[in-house]
Structures are given as structure tokens and as C-alpha cells.
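Please keep the sequence and the model in view while reading.

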Amino acid sequence: SGGKISGNTSSGSTSRGGGVYVDTGSSFSKAGNSVIYGSDEGTSLKNTAGSDNTNGHAVYYTKDSGYYRDATLGSGDNINTSTLPTVTGPGNAVGNWIQK
């Protein structure tokens, strides 16, 4: 709650989660005035992941074949791993979340 995650890079074509990577069986919560920057920010703020640009610049979560989000999660975008969106099939999007 509070704070920011910014300016991080995971490199390589298969790396995931420039800002946050949550492995299966792990947990993560974001609440309050916290921000996780995505690829759509200035150079000093943005998080980037993987050279193919589809690995979750802001967040990557491995449950159910992987969810990722490239866009910034602002203070009003509170999440936790038990309330991620449900999508049907790989490559489908719900809001700014995509399932691989």
C-alpha cells in the first residue's frame, strides 16, 4: 500500500514481469495509493519485460497459463492474485489484462 514500482527491466525474449512477477503458488497484493508503471510511461518511470513486448511490463502472473498487464496500474487499480480477471482462451483481454 503506497509507493511505486518503476524503472525496472527484465530482458530477453522469455523474461516476464518488468515491474512484478508472481509465480504459481505465490501471492501479491497492491492497494492504496501505490503505482506499478507499465511500458506507456517516460523512460525513467516505465517497467519493461522481454524483447517481444508481451510479457507483462507492469505485472506478469503465471496462474492459468499466465496473465499479464502492460499498462500502468494506478492508485485506483487495486489488485490481488485472487481477484484477477477471468478470460476465455489465450490472447483474450479483459480491460488491460491479457491471458497468454
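Asn55 touches Ser13, Thr14, Ser15, Arg16, Gly17, Ala49, Gly50, Tyr60, Tyr68, Asp70 and Lys100, leaving aside residues up to four places away in sequence; contact means heavy atoms within 4.5 Å. Asn55 sits in the loop between E6 and E7. Strands (E, at least two residues) and helices (H or I, at least four) are DSSP runs, numbered from the N terminus. Asn55 counts as buried, at 2% relative accessibility. Buried means under 20% relative accessible area, exposed over 50%, and partly exposed in between (1.4 Å probe, protein chains only). The C-alpha atoms of Asn55 and Tyr68 are separated by 6.3 Å, and the two residues are 13 residues apart along the chain.

The model is predicted: local features need pLDDT of at least 70, side-chain atom pairs count only at pLDDT 80 or more, and totals for chains, interfaces and linings use all residues. Residues are numbered from 1 along each chain as its sequence is written, and side-chain values use heavy atoms, with hydrogens and water left out.

Gly50 lies in the loop between E6 and E7. Its relative accessible area is 10%, so Gly50 is buried. Gly50 touches Ser10, Gly12, Ser15 and Asn55, again not counting residues up to four places away in sequence. The C-alpha atoms of Gly50 and Ser15 are separated by 5.0 Å, although these residues are 35 residues apart along the chain.

**Two further loop residues**

Asn47 is placed in the loop between strand E5 (35–36) and strand E6 (48–49). Asn47 has 0% relative accessibility and therefore counts as buried.

Ser34 is found in the loop between strand E4 (29–30) and E5. With a relative accessible area of 7%, Ser34 is buried. A polar atom of its side chain lies 2.8 Å from the backbone oxygen of Ala31. Not counting residues up to four places away in sequence, Ser34 touches Ser1, Gly2, Gly3, Leu73, Gly74 and Ser75.

| Side chain | Backbone atom | Distance |
|---|---|---|
| Ser34 | oxygen of Ala31 | 2.8 Å |

**The sheet**

What is the strand order of the open sheet? Its five strands run E3-E7-E8-E11-E10, with mixed pairing. Two strands pair if DSSP finds at least two bridges between them. Strand E3 (20–22) and strand E10 (93–94) stand at the edges, each with a single partner strand, so one side of each has no neighbour in the sheet. E10 pairs with strand E11 (residues 97–99) in the antiparallel sense, over two bridges. Ala93 stands opposite Ile98 in E11.

**Aromatic pair**

The structure holds one aromatic pair. Tyr21 and Tyr60 are stacked, at 5.9 Å centre to centre and 5° between the planes. Rings of Phe, Tyr and Trp (its six-membered ring) pair if their centres lie within 6.5 Å; planes under 30 degrees apart count as stacked, over 60 as edge-to-face and the rest as tilted. Tyr21 lies in strand E3 and Tyr60 in strand E7 (residues 59–61), so the pair ties together parts that are 39 residues apart in sequence. Tyr21 is partly exposed, at 39% relative accessibility, whereas Tyr60 is buried, with a relative accessible area of 2%.

**Core and salt bridge**

The largest nonpolar core has 12 residues, among them Val20, Phe28, Ile36, Leu73, Ile79 and Trp97. Such a core is a set of buried Ala, Val, Leu, Ile, Met, Phe, Trp, Tyr and Cys residues joined through side-chain atoms within 4.5 Å. E3 and E7 are the elements that give two or more residues to this core. Leu73 touches Ser34, Ile36, Ile79 and Trp97, among others beyond four places in sequence.

One salt bridge is present. It joins the side chains of Asp77 and Arg69 (3.4 Å, N to O). A salt bridge is a side-chain nitrogen of Lys or Arg within 4 Å of a carboxyl oxygen of Asp or Glu. Asp77 is partly exposed, with a relative accessible area of 30%; Arg69 is buried, at 6%.

Notes
A polar contact is a pair of N or O atoms within 3.5 Å; within protein, one must be able to donate a hydrogen and the other to accept it, and residues adjacent in sequence count only if both atoms are side-chain atoms.
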